[in-house]
Amino acid sequence: MNIMQYSSESDLELSTVRHQPEGLDQLQAQTKFTKKELQSLYRGFKNECPSGLVDEETFKLIYSQFFPQGDASMYAHFLFNAFDIDRNGAIRFEDFVIGLSVLLRGTVHEKLNWAFNLYDINKDGYITKEEMLAIMKSIYDMMGRYTYPILRDDAPIEHVERFFQKMDRNQDGVVTIDEFLETCQKDETIMSSMQLFENVI
């Protein structure tokens, strides 16, 4: 269908194909970026994604360039879902920049909330051991076989067992946001691996 056709149907298609972001003033109020930074981020975003929207395949492609030594597709999938706030299969510039602001400039509390949302794969408000393991495995896959020190195949499982036991304070088999926040803020090793997590963004 020719996108230049003028009908209500093509108007709708045009609005989905070319997404215009909210005003920079509004985004500046919602994030910790300056207007100049937002303009520069937007230029970069439009360069990679001329339509103004990123679908999951594009996101995976962009991400795989940063981690050529491993397989980043699964981690990129989880990360995409964490950025795709309204769950519509596309990341708008607003979603991207609001998430980025939390990850780069947010308080510890905001970053941990964001991390909880990443780990809570099915978005039911709880992290299960399976969800945590899926994320950990995807991080290990992405870092690739050439990480130093060389990681054993069972390393993610051990990692999760250790973390999960600390976090699941009432031993009910799931981790709530409160348990997650409390454990992470009190535990140096978890906090330092959260810093590592920042490098993976």
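Which helix holds the place of Q39? The legends below start there.

**View 1. Q39 in helix α3.** Q39 sits in helix α3, residues 35-48; helices are DSSP runs of H or I with at least four residues, strands are runs of E with at least two, and both are numbered from the N terminus. This is a predicted model, where local features need pLDDT of at least 70, side-chain atom pairs count only at pLDDT 80 or more, and totals for chains, interfaces and linings use all residues. Residues are numbered from 1 along each chain as its sequence is written, and side-chain values use heavy atoms, with hydrogens and water left out. Q39 counts as partly exposed because its relative accessibility is 35% (buried is under 20% relative accessible area, exposed over 50%, partly exposed in between, with a 1.4 Å probe and protein chains only). Its C-alpha atom is separated by 7.9 Å from that of L24, 15 residues apart along the chain.

View 2. Rings of Phe, Tyr and Trp (its six-membered ring) pair if their centres lie within 6.5 Å; planes under 30 degrees apart are stacked, over 60 edge-to-face, and the rest tilted. By this rule there are 13 aromatic pairs. One of them joins Y42 and F93 edge-to-face, at 4.9 Å centre to centre and 65° between the planes. Y42 belongs to helix α3 and F93 to helix α6, so this pair ties together parts that are 51 residues apart in sequence. F45 and F93 are also edge-to-face, because their ring centres are 5.3 Å apart and their planes at 65°. With F45 in α3 and F93 in α6, that pair links parts 48 residues apart in sequence. F45 counts as buried at 6% relative accessibility, and F93 does at 1%. One aromatic cluster includes Y42, F45, F93 and W114.

**View 3. Helix α6 from end to end.** Helix α6 covers residues 93-105, and its 13 residues reach 17 Å from first C-alpha to last, close to the 18 Å expected at 1.5 Å a residue (1.5 Å times one less than the number of residues). Its buried residues include F93, V97, L100 and L103.

**View 4. The largest nonpolar core.** Such a core is a set of buried Ala, Val, Leu, Ile, Met, Phe, Trp, Tyr and Cys residues joined through side-chain atoms within 4.5 Å. Among its 49 residues, F59, Y63 and F180 touch the most other members. Helix α5, residues 73-83, gives the most to this core, with seven residues.
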